Amino acid sequence: MPHKKLIVLLAPLLLLGACGSDAENPNAAQTVYHNGNIITVDDNDRVVQSIAIRDGKIVDVGSDTDMQSYIGKGTAVIDLAGKTMIPGIYDAHSHFTMAGTNELYDANLNSAPIGDIESMSDLLDRLREQRSKIDGSDWISGWGYDDTLLAEQRHPTRADLDQISATQPILITHVSGHFAVANSAALALANVTRDTPDPVGGTIRRDAQGEPTGVLDETAVQLVSAHKPAFTAAQVQAGIAAAARQYASQGVTTASEGATYAPAIAALETAAQSGTLPIRVIALPAYDYRIGSDKVELTSGKVKLGGIKDFSDGSIQGYTGYLSHPYHTPFHGDANYSGTTRNDRTSLAQHALKIHQEGKQMLVHGNGDQAIDDILFAFGSAQAATPREDSRHTVIHSQMGTESQLDEMKAQGVIPSFFVLHTYYWGDRHRDIFLGNERASRISPTRSALQRGLKFTIHTDTPIVPMEPMKLIWSAVNRLTTSGQVLGADQTISPLDALRATTINAAYQNFEEKERGSIEKGKFADLAILSADPLSVDKRAIKDIEVLETIVEGKSVFKR
């Protein structure tokens with residue numbers, strides 16, 4: 001006769017087997033995960049053991065006992081063995097396709113901790129390697145250089161790049177995505193000379209003699225990039241597939257395609273139809289290139305049109321973020337310099353009014369506090385002219401949001417989406433170079449937002465930094481810089497609040513909180529299984545948690 005303890009242990013398994021043999025069970029789910037640590041992030045932040053899934057949706061959640069009634073003859077019963085399951089990561093803001101095309105077609109010019117470039121010599125050697133991989137008629141391109149991490153402490157110039165080739169066009173992009181450097185051949189193709197005027201919202205940097213140095217700020221980048229041959233359809237599809245692999249491996253079930261346009265949206269739909277896009281993508285058309293975006297036929301269910309993306313300023317680490325007070329270290333010796341705008345307050349207000357009156361959501365890039373002030377003025381003016389309920393306009397990045405601006409966001413129902421990884425990747429330089437300690441300590445003020453009851457999100461802005469949601473959550477919780485210092489301890493938040501900011505709040509930002517973002521009955525089964533529980537491990541170890549499996553609408557799309 002079996003031992004009493006053995007009978008007790010066997011009882012649940014026998015019951016599972018009994019239910020599994022019931023071919024007539026009308027409640028049977030296709031899949032039941034049990035014996036897990038399932039963090040639902042529902043309104044009550046419940047943690048349950050088991051989840052039942054049918055036709056891509058969650059039938060029910062609860063205890064192992066609760067889910068036994070959903071097990072039928074054909075049900076796949078999966079033992080989580082105590083592992084942690086969370087809602088799939090919902091990417092609040094990134095540039096999905098670019099993450100893939102950068103990986104495949106650009107030289108990696110990042111410095112530590114992302115890459116290994118330390119000097120101008122390293123950068124040029126990497127570009128020589130890139131040149132050896134492509135045809136002699138192709139443009140040489142690279143991504144991710146950071147002037148503040150190069151030994152020379154400066155941007156490359158056309159003269160530097162001409163050492164690689166003065167005849168083959170070269171265009172490399174800064175890690176912020178807001179600057180680029182062109183060699184002489186690329187400038188010549190674009191007919192950028194000493195007589196070319198600066199475009200609105202951008203600058204062609206020039207030497208003491210007035211000649212272009214090759215460094216292009218903000219909208220000036222487009223003067224040259226517009227002449228670079230577009231990727232072929234096959235290259236774009238390969239880039240989408242590469243991005244999908246990146247994102248799925250990190251537990252992302254819904255990605256963001258920020259600042260896109262109709263052909264790129266159509267390419268995403270093609271990938272979805274062909275089966276090479278296993279996750280979902282929310283596409284945000286850029287304001288200046290939005291025409292035709294809503295005419296793209298989207299039938300796969302994998303690609304969805306979101307709000308309209310616009311820009312107020314640029315990048316603080318590139319001195320184009322628009323601040324209310326001058327930069328800590330003067331830019332080119334100008335002690336009064338406080339940054340620039342890509343769209344001034346009047347233009348931004350006109351854009352916001354147009355989009356708002358069309359009944360659409362607007363998401364505006366704003367890093368500096370003066371830029372955020374302009375954005376809130378634009379949103380408020382649009383709302384005053386045409387009152388609308390629940391518009392969910394969003395400030396993307398919200399780096400330097402002040403206490404009073406957070407109050408205004410709360411009053412307007414505006415969502416701040418924080419690029420909180422700045423505290424890690426650029427925190428030391430924000431403190432020492434760009435902002436000074438007091439302002440740098442307030443970068444991405446998540447605790448202040450939380451205290452006001454604001455629904456906020458956090459994001460990676462990939463490919464600016466890698467798509468690593470566990471590091472994103474870790475950063476919001478710890479606010480450690482690359483040197484290991486805490487930057488703004490009073491703005492740290494709990495692991496649960498950080499997890500909510502990457503799941504249910506991000507779904508809310510995109511009007512999808514009723515369908516996705518939490519593990520609840522009736523929602524789509526977008527899930528991730530982790531190697532550890534982010535709510536219970538040592539806070540500094542959250543970044544080391546691995547995604548073991550990613551599940552989109554009940555189907556496994558990645559297994560480690």
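Let's start with helices H11 and H12. H11 covers residues 369-385, and H12 covers residues 403-412. This is a predicted model, so keep that in mind throughout. The two axes come within 11 Å and cross at roughly 20 degrees. Angles under 35 degrees count as roughly parallel, and H11 and H12 are therefore roughly parallel to each other. Their crossing is left-handed.

Who makes the contact? On the H11 side, look for Asp 369, Ile 372, Asp 373, Leu 376, Phe 379 and Gly 380. On the H12 side, look for Gln 405, Glu 408, Met 409 and Gln 412. By class, that contact has four nonpolar, three polar and three charged residues.

An α-helix has 3.6 residues a turn, so residues three or four places apart point the same way.

Stay with H11, and bring in H10, residues 345-357. These axes come within 8 Å, crossing at roughly 40 degrees. That makes H10 oblique to H11. The crossing of H10 and H11 is right-handed.

H10 brings Arg 345, Leu 348, Ala 349, Ala 352, Leu 353 and His 356 to the contact. They meet a set of H11 residues including Gln 370, Asp 373, Ile 375, Phe 377, Phe 379 and Ala 382. The class count for H10 with H11 is 10 nonpolar, three polar and three charged residues. Asp 373 and Phe 379 are also among the H11 residues in the contact with H12.

Next pair: H3 and H8. H3 is residues 96-105, and H8 is residues 233-248. Their axes come within 7 Å and cross at roughly 105 degrees. That makes H3 roughly perpendicular to H8. From H3, the contact uses Phe 96, Thr 97, Ala 99, Gly 100, Thr 101, Glu 103, Leu 104 and Tyr 105. The H8 partners include Gln 235, Ala 238, Gly 239, Ile 240 and Tyr 247. By class, it has 10 nonpolar, six polar and one charged residues.

Now zoom out to the chain. It has 19 helices and 25 strands. The radius of gyration is 25 Å, close to the 24 Å that the globule rule gives for 560 residues, so the chain is as compact as a globular protein of that length. Along the principal axes, the C-alpha atoms fill a box of roughly 95 × 55 × 50 Å. Buried residues make up 57% of the 560. Take contacts between residues at least 6 apart in sequence: 70% of them join residues at least 24 apart.

Back to single elements. How many residues of H17 are buried? The count is 10 of the 10, over residues 469-478, so H17 is largely enclosed by the rest of the structure. Just after H17, Arg 479 takes a positive phi of about 55 degrees.

Pro 463 sits in the loop between strand S22 and H17.

A cis bond also runs from Ala 112 to Pro 113, with omega near 10 degrees. Pro 113 lies in the loop between strand S9 and helix H4.

Thr 446 is worth a look. It is found in helix H16, residues 446-451. Buried or exposed? Thr 446 has 0% relative accessibility, so it counts as buried. Leaving out residues up to four places away in sequence, Thr 446 touches Phe 418, Phe 456, Ile 458, Gln 491 and Ile 493.

His 397 is not a glycine, yet has a positive phi of about 90 degrees. His 397 lies in strand S20, residues 394-397. With a relative accessible area of 3%, His 397 is buried.

Glu 553 also has a positive phi, about 50 degrees, and is not a glycine. Glu 553 belongs to the loop between strands S24 and S25. At 26% relative accessibility, Glu 553 counts as partly exposed.

Technical notes:
Residues numbered from 1 in each chain as written. Predicted model: local features only at pLDDT ≥ 70, side-chain atom pairs only at ≥ 80, totals over all residues. Heavy atoms only, no water. Axes fitted to C-alpha atoms, helices over the stretch in contact; angles between N-to-C directions. Helix = DSSP H or I, 4+ residues; strand = E, 2+ residues; numbered from the N terminus. Parallel < 35°, antiparallel > 145°, perpendicular 65-115°, else oblique. Left-handed = near helix turned anticlockwise from the far one by under 90°. Contact = heavy atoms within 4.5 Å. Nonpolar A, V, L, I, M, F, W, Y, C, P; charged D, E, K, R; others polar. Rg over C-alpha atoms; globule rule 2.2 N^0.38 Å. Buried < 20%, exposed > 50% of the residue type's maximum accessible area, 1.4 Å probe, protein only.
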